Amino acid sequence: MELFVNTRFAALVLCLGLVAPFGPVAFAAPAAGANCPGSCGLPDFTGLVEKVGPSVVNIRTYKKAALDQSPQMDDQTREFLRRFFGIPVPPAAPPGSGSAPKGEGQEQPTGVASGFILSADGYVMTNAHVVDGADEVMVTLTDKREFKAKVIGTDKRTDVAVLKIDAKNLPIVSIGDSKKIKVGEWVVAIGSPFGLENTVTAGIVSAKGRDTGDYSPFIQTDVAVNPGNSGGPLINMQGQVVGINSQIYSRTGGFMGISFAIPIDEAIRVANQLKTTGYVVRGKIGVAIDGVSRELAESIGLGKPIGALVRSVEAGGAADKAGVQDGDIITKFGGKTVERATDLPRIVGEVKPGTRVPMQVFRRGAERTLQVTVGAWAKESDAATEKPAPVPKTGAEKSPLGVAVVDLNDAQKKELGVRSGVLIEALQASASGDGLRVGDVVTVLNNIEITSAKQFKEIANSLPPGKPVALLVRRGDTAQFILVRPSPLAR
């Protein structure tokens, strides 16, 4: 019988100093000073837990009881429903009180979470969703002292909140650099999952810059994080905080191996503003953006799929004043490369409103630099309302792109907010399948600005069949590129 030895297991045996006989062969502990394949032993987290643990706090939130309360439900389930599904669940009646609620106005527990101490004079950082809607916030230290906290400020875009408790000479965390963390390195979370205070879990960094639709790019880890861990620190092996545990990916409500933390660099920048003014000021240029696919990048000559595609420009906004147009692809802002569309809001947001910065855009096959004076976000912004384009009743011949187009008159151009373009009046099935609609306005075809139906037809007739061509289409208040393959059957 042949004997197969797992070399990785053998290396682990050597590292741990074990003796494992395999027939006539035995692996013994390596001699002092001998080289050891891989890591000789597992990481020891005890030192960093002793260092950081006293700076981690338990947070409980309370809300005035309503007259009508739901059936019994524990705090953790209630927090989970509120955090991940947006379902507000009133607090349950206390034990021994039956189903009758307490008197209106009495504060009842609504959630449990975590946080960490930023300064010796009592500033505490946690998640914004932890304190959202709370009438009272209580902070408990590891030495069992309890304080009523004041909410200094919250920022829902980054999910960061700063609290203040009336205490002095508190143990504080050491802040690390989230930009320096590496995928695969060990990290530790300390928090209060399900109310179990000062629980320590460990894992590795699974990915960086993970976009989940929120403002900040998250640090993804496999550290066990559950309801109650929210707002607690993510710590590197040097005992430094590199993130704030904020979200989990779960189909069950419990940990499934994927958790997300807010990078501490962004969190501290936000916290500093919250401490100073109670709110966060961010730069804004006034554009609605979308991503750039590889196929689109190749069809318009951009080369690689980078940048943010401008779908619409806010009238009178910073981008509008700088000359940005629908269909522009913003590739650099203030000297920083916009690798993905989601990078742009963060890059612009870091710029102080009123600052004039260079912005590089790709427009109709060429790069150009615009100067933009950054504006500021208002507290509330109205969503753009899509307006349908008017559809003329006149006829037109179909083109190799499977569309029939007509000219726009001056009144239509003014109403649609375009300087030029042609209106799609009719479609063949192939063009409809590509995503075009009757009423769309084509402003650019094959990197050429369209000024008339005649010009559109001439360009369309010259396109090679089968090769994707990009049309910049205005639909309502937004613009987008749509790729269409010219068909010889449509000629």
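Two residues are said to be in contact when they have heavy atoms within 4.5 Å of each other. With that in hand, let us walk through this structure.

It is a predicted model, in which local features need pLDDT of at least 70 and side-chain atom pairs count only at pLDDT 80 or more, while totals for chains, interfaces and linings use all residues. Residues are numbered from 1 along each chain as its sequence is written, and side-chain values use heavy atoms, with hydrogens and water left out.

**Confidence**

pLDDT is the predictor's confidence in each residue, from 0 to 100. The protein chain has a mean pLDDT of 79, with 75% of its residues at 70 or more. Two stretches are listed here:

| Stretch | pLDDT | Contacts in the model |
|---|---|---|
| Residues 1-35 | under 50 | 31, beyond four places in sequence |
| Residues 95-102 | below 50 | nine, beyond near neighbours in sequence |

Where pLDDT is low, the predicted coordinates should not be read in detail.

**The cores**

A nonpolar core is a set of buried Ala, Val, Leu, Ile, Met, Phe, Trp, Tyr and Cys residues joined through side-chain atoms within 4.5 Å. Buried means under 20% relative accessible area, exposed over 50%, and partly exposed in between, using a 1.4 Å probe and protein chains only. The largest such core has 25 residues, and Phe116, Met125, Val160, Ile244, Ile264 and Ala267 have the most contacts inside it. Helix α5 gives the most to this core, with five residues. Helices (H or I, at least four residues) and strands (E, at least two) are DSSP runs, numbered from the N terminus.

What does isoleucine 264 contact, leaving aside its neighbours within four places in sequence? Its partners are Phe116, Met125, Ile175, Gly176, Ser178, Val241, Val242, Gly243 and Ile244. A second, separate core of 21 residues includes Phe333, Ala341, Leu344 and Val357.

**Isoleucine 289**

Isoleucine 289 belongs to strand β17 (residues 287-290). Is this residue buried or partly exposed? Isoleucine 289 is partly exposed, because its relative accessible area is 27%. Its C-alpha atom is separated by 5.2 Å from that of leucine 309, 20 residues apart along the chain. Beyond neighbours within four places in sequence, isoleucine 289 touches Ala308, Leu309, Arg311, Ala341, Leu344 and Pro345 by the contact cut-off.
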